[in-house]
Amino acid sequence: MSDKGTIQSSMVETRKFPPPPEFSRAAHISSIADYEKLHKRSIDDPEGFWREVAEGCHWFTPFDKVVEWEAPFAKWFVGGKTNMSYNCLDLQIERGRGDHTAVLFEGEPGDVRKLTYNNLRDEVCRFANALKKLGVKKGDVVTIYMPMVPELMIAMLACARIGAPHSIIFGGFSASAIADRVHDSNSQIIITADGGWRRGSVVPLKQNVDDAVAKCPTVQNVVVLKRCENDVSWNDGRDHWWGDLVADESDVCDPEHCDSEDLLFILYTSGTTGKPKGIMHTTGGYMVYTGYTAKMVFDLKPDDIYWCTADIGWVTGHSYITYGPLQNGVTVMMYEGAPNHPDWGRFWDMVARHKATIFYTAPTAIRAFMRQGDDIPDGHDLTSLRLLGSVGEPINPEAWMWYQKHIGGEKCPIVDTWWQTETGGIMITPLPGAMTLLPGTATCPFFGIDAAVVDEQGVEQPANSGGFLVVRKPWPSMLRGIYGDMERYQEQYWSQLDGIYFTSDACRRDDDGNFWLMGRVDDVINISGHRIGTAEVESALVSHAAVAEAAVVGIPHDIKGQALAAFVALKADRSASDEIKRELLAHVVKEIGAIARPETIRLTDALPKTRSGKIMRRLLKELASTGEVKGDTTTLEDFNVIANLRESDEG
Ligand code: WTA
């Protein structure tokens, strides 16, 4: 973190939006005074506070201790036995929600399916029984690589029911990315589909799994859902159709009594090295925190029709499509395909037809919609909406204003929610009935969250000075480690400041205490709200036979927020050509997936290095963003390298 220098922030925003009085009146938290009182209590007496919240969940055996903290290792709700799927399904049914719609699904071709809480429990139990029959036991990691269809949610809840941790891989990742993750998690079973619909075409999910499994001999079973009816190759004995497996299964499956600290899932995310990190989340704390944040942040009420447009393959989908909302018994909308299929009105058409009340999306999507023109959303009846949300990256004030006006009709509060795969749930966020909003700030820490902006020594910064965002106390849904690599866990998050969680995000607080997030301070790039480690893309490039060395940096991008710029030194016997550039781009897509495809690639003889041999990414970033290098080059070993790079054409 030392070579980043002082963090400067020059953004000043004065437009203020107090909560609409009618919204506040009906809200769970209806004034800033209520927020402050409860937040103070949650920090002064975390055990008492979280005990009360957790008592709202169902436990087979009550916990006997709220938290055990030996930095950086936390245990929450110690001794408690529970089941996440029971809390999402059975508990809701006991509360009289059995016939209420749990999932309102729309496929890209337009097929609509509704499952009540009763239906969803039946399906989950059938599939859980099928998994057991395939030999899946408590503690076995189940890999899921599926399109955004209800069976994805059914599969994850079935895993939770039998205590088998899931590892969900986003459907946009490539075969190599699947193979790496399957290998890292020692998973022996993959659940997939023949394909999924995306912009009118079929994404060949089964084919990708076949290619991955060729490299993972430990995989014994592949379960395939029939979605697109595309041709797939078949391996008898290993492959099973989902429909055949569940056909004769009972719709009763007793939920496993899981310990609070039993692993609920692994979710791989990018870090600063080439190897993705398997972030571990356990059962009790994650359950309590996601259920409670979903209720408070989205101000959930029984009749809400809640739509989060994320993919379940990312943490947003884990926490705020499946686990958080279902624990609150609401109707969750789910959409399979692209936002612009068949046209840019798709989302607004869906909001209008299904009467969505809450809409949660990413700034990158908002910017893309903005560019298409106001008349598209303005031509749809969006009056059912009462609350909007944003997640994944800082939302620029102009996008915020557009969202508020054209989607929210100037009456919906916007919750700009800051959090991470590692935090499990929303950490810094407005409570929509309480906070006065300013476009661009995620406002204040959630209950129980002791967030601060500090310098490198851990000293809290005065208002309006930038620094590092940290969390000083443990919270229920914090990650419990990195799968198979606890050293990396300590090093990555806890080595900067003793006993304090280091987020790797830069931030400042304003005079009113609002948190303004300013982006990452490490080599992780946020593309369309998704984290890509530059090191990962560099290793993908270097794995190509023609490449000697590669450096990848982030550059600003109008729609995606950030994009990747790659600098590649070819091996001496290779010469630069457009063809090799194309080949390298395709290689990255094959190794990681389309989201990691660099926006530009420059071929060069050598990369700029310090005398000690470190690639000077700072200079490359400046060059890629501005076309020039004005920054400090005193440590540069060979000045010609920059001159040559500047001349090399971009593509
Ligand atoms: C960024 C996504 C500003 C941040 C839930 C964080 C945000 C990374 C916001 C985590 C926000 C997420 N404002 N920045 N509201 N939300 N980020 O793990 O840099 O995919 O560290 O989790 O996204 O990304 P991840």
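Of the 17 residues around the ligand, which come nearest?

## The ligand site

D416, T417, T421, D505 and R531 come nearest, out of 17 residues around the ligand. A residue is near a molecule if one of its heavy atoms lies within 4 Å of it. This is a predicted model, in which local features need pLDDT of at least 70 and side-chain atom pairs count only at pLDDT 80 or more, while totals for chains, interfaces and linings use all residues. Residues are numbered from 1 along each chain as its sequence is written, and side-chain values use heavy atoms, with hydrogens and water left out.

D416 places a polar side-chain atom 2.7 Å from a nitrogen atom of the ligand. T417 uses a backbone N or O atom, which lies 2.7 Å from a nitrogen atom of the ligand. For N526, a polar side-chain atom is 3.4 Å from an oxygen atom of the ligand.

## Two domains

The chain is assigned domain 1 (27–451) and domain 2 (528–647); the bounds come from an automatic or database domain assignment. Their centres, taken over C-alpha atoms, are 34 Å apart. Domain 1 gives 24 residues to the contact and domain 2 gives 20, where contact means heavy atoms within 4.5 Å.

The size of an interface is often given as the accessible area lost when the parts come together. Between domain 1 and domain 2 the buried area is about 1,600 Å², with 47% from carbon and sulfur atoms. Buried area is the accessible area (1.4 Å probe) that two parts lose on being put together, summed over both.

## Pairs across the interface

Two salt bridges are found between domain 1 and domain 2. A salt bridge is a side-chain nitrogen of Lys or Arg within 4 Å of a carboxyl oxygen of Asp or Glu. The side chains of R371 and D558 form a salt bridge, at 3.6 Å from N to O.

Twelve residue pairs, both at pLDDT 80 or more, are in polar contact across the interface of domain 1 and domain 2. On the side of domain 1 that touches domain 2, helix 7 (175–185) and helix 13 (363–372) are the elements that give two or more residues. Helix 13 gives the most, with four residues. Helices (H or I, at least four residues) and strands (E, at least two) are DSSP runs, numbered from the N terminus.

## Backbone exceptions

Most residues other than glycine have a negative phi, and most peptide bonds are trans. A71 and P72 are joined by a cis peptide bond with omega about 0°, and P72 lies in the loop between strand 1 (65–70) and strand 2 (73–78). In strand 2 is F77, which is not a glycine but has a positive phi of about 55°.

Methods. Polar contact = N/O pair within 3.5 Å; in protein donor to acceptor, adjacent residues only side chain to side chain.
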